[in-house]
Amino acid sequence: MTRAQRIEVAGLAFECTSQAGLTWTAHEDGGVVELRVTPDRTAVVRVGWRVPCVGATAFWAADGGEHRGLPPFWRRPRTAALEKNAPVGCLVGTRDQALCTFAAGEVVRPVRTRTGVVEETGEFGFWVEHEADPDGGLLLRLDLTRRHFATTLAGVADWWRALHGPDHDVPRAARMPAYSTWYAMQQHVDAEGVERQASPAAELGCEAIIVDDGWHSDDRGRGYGYVGEWEPSPTSFPDMSQHVAKVRGEGLAYLLWYALPFVGRHTALWDRVRPYTLAYKEHMNAAIVDPRYPAVRDLLAGHLARAVTEWGADGLKIDFIDQFAVEDPPEPGPEADCATVNEGVRRLLAQLPRDCLVELRQPYVSPGLWPYATMIRASDCPLSPAHNRQRTVDLRLIAGPLAVHADMLMWHPDERPQRIATQLISVLFAVPQISVDLTALDPAQEEALRFWLAFFREHAEVLQRADFEPARPDLAYPQVTARSGGTVITARYAPMPVEAPATGTLWLANGDDSTGVLLQVARPGRARSTVFDCRGRVEGDEVVTLTPGTVEVTVPEGGLLRLETTA
């Protein structure tokens, strides 16, 4: 029989339900509430609450994709677990205030959430549930401070770090521009082609090269029928160790791609792993193996370790962790040593090489994965700057210690340098990965790429680690700002006014094709204004008088303004 209990904390009424008896504790500090509901035996516990849906403009969720509207409460619940998603959400109001930001403390086992507009009352409803035990219960954090939504989500990330530490440092190479083979070469990748890109990539400012799908097989068809054995193709990569050493000799870290859960039906492993699979993906021509079995984990971890220990690679690009999240997995057999797939995935990742670069990807964004990774990349969005911007910003909000990488940047050979620059500006607050033939760039394209990669490198600390303020999630972040000390960096993606700081230096990157930029000036003063075009060439350099109000300046498409305020 389901039991219900109503409690009130910080002016909110919570309904706690379970088939077990419940006790609860709550702590409120300045508008941030921590609520723990504990069952007297292991059971599913649900906590629900509502807030007035007044002034609400968007609902932010870690798996929200491109949709930022207000969902109906009857919508299908979300599930977050180690393999996919994260148990967090934020109801955003006007002026980017967070009306209610919530997060669960459980980051490995499945957590179900339902959020949305309650049509009958005009409220916004929330509930969070997961199986809880008497030792830990269900732990919930609510931020009702009405601060900027990004500030409240940063608070969630800090809370998770405190709960699930220890923290770890991300190597410098994880935060520097990288080259990826995927869009440039697809599966037609070979040692010679990779080596041909290495020198120009390093010369342009990249510090890592990521070799994607295709290195392990001579098959060039899409699908994963030939993955799982992870032996270098003898025709494309005849001497992997020598090849890796040659690329590293250019000053680049080397990462190798793996589709972790898959074993293809055309491999010699197929018959061996069939009894230990979670599901078969017909369209992928591969099975998802079951990490609850130690033999499976040993097999997978051993394959991935060879890249680092035998071939000299600096890291791993680990793909498709979300595929482990199958619905209704089979019951584990007697050789399994854990009951849940979540725990099997965690044990598998713990067996992988440590102290190396590891890239993960949306949508597997759980903080439970932080100990096993150094960077996380936006999900695939080729030639879509708006999607790349939204996805990298979403990741930045809850990535914790990890470096956030953009999806690989590509463009048509005839693309204008201005549009190449705006692609780079669209991911200005993440790490760019470049994926074009660098030997085929025309001089203007190369100049634009060189200029903006240099900007990424010079300002990486501010762009990636400073106070972070994206604006208007309901409009896919048309303006984003980072601040540190006397430096402010703003990227503008739509004709919105930009606030000019009273002191210090403003860097304004114009990611829009409109060139008349409105600066909002609060105090009178003088400033040195330097305007660069998309290729870094100076178009204007003068001392200007700033009067309170709105001042229009011209910044070229894909260009940059430096405004240094003087006394």
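Two strands are said to pair if DSSP finds at least two bridges between them. Helices (H or I, at least four residues) and strands (E, at least two) are DSSP runs, numbered from the N terminus. Six bridges join strand S29 (residues 516-521) to S32, and these two strands run antiparallel.

The model is a predicted one, in which local features need pLDDT of at least 70 and side-chain atom pairs count only at pLDDT 80 or more, while totals for chains, interfaces and linings use all residues. Residues are numbered from 1 along each chain as its sequence is written, and side-chain values use heavy atoms, with hydrogens and water left out.

**Sheets**

- Strands of a sheet pair through backbone hydrogen bonds, either parallel or antiparallel.
- Val521 has Gly549 in S32 as its bridge partner.

**Strands S7, S10 and S11**

- S7 pairs with strand S10 (residues 111-118) in the antiparallel sense over three bridges, and the bridge partner of Ala80 in S10 is Val111.
- S10 also pairs with S11 in the antiparallel sense, over seven bridges; here Arg114 stands opposite Trp127 in S11.
- The hairpin of S10 and S11 has four residues between the strands, and Gly122 takes a positive phi near 75° in this hairpin.

**Packing of helices H6 and H7**

- Two packed helices are described by the angle between their axes and the distance between the axes.
- Helix H6 (residues 294-309) packs against helix H7 (residues 341-350) at an angle of about 35°, with the axes 9 Å apart. Axes are lines fitted to C-alpha atoms, for helices over the stretch in contact, and angles run from 0 to 180 degrees between N-to-C directions.
- H6 passes H7 in a right-handed crossing; a crossing is right-handed if the near helix is turned clockwise from the far one by less than a right angle, and left-handed if anticlockwise.
- Arg297, Leu300 and Ala301 in H6 meet Gly344, Arg347 and Leu348 in H7, where contact means heavy atoms within 4.5 Å.
- By class, this contact of H6 with H7 has three nonpolar, one polar and two charged residues. Ala, Val, Leu, Ile, Met, Phe, Trp, Tyr, Cys and Pro count as nonpolar, Asp, Glu, Lys and Arg as charged, and the others, Gly among them, as polar.

**Pockets**

- On a 1 Å grid over the protein atoms alone, a pocket is an open set of points where a 1.4 Å probe fits, with protein on both sides within 12 Å along at least five of seven lines; lining residues have an atom within 4 Å of a point.
- The largest pocket has a volume of about 1,100 Å³, a volume being the space filled by probe spheres set on the points, which are joined across faces, edges and corners.
- Its lining comprises 31 residues, of which Thr79, Pro110, Ala325, Val326 and Glu327 lie nearest the centre.
- Strand S7 (78-80), strand S11 (123-132) and H7 each supply at least two residues of that lining.
- By class, the lining of the largest pocket has 12 nonpolar, six polar and 13 charged residues.
- The second largest pocket holds about 570 Å³ of space; of the 26 residues that line this pocket, Arg396, Gly400, Gln464, Arg465 and Ala466 are the closest to its centre.
- H1 gives the most to the lining of the second largest pocket, with six residues, and helix H8 (385-398) is among the other elements that each supply at least two.

**Loops and backbone**

- Arg172 is found in the loop between H1 and S13 and, leaving aside its neighbours within four places in sequence, is in contact with Glu207 and Arg457.
- The peptide bond from Gln362 to Pro363 is cis, with omega near 10°; Pro363 lies in the loop between strand S20 (357-361) and strand S21 (375-377).
- Arg95, in the loop between strand S8 (88-93) and strand S9 (98-104), has a positive phi near 60° although it is not a glycine.
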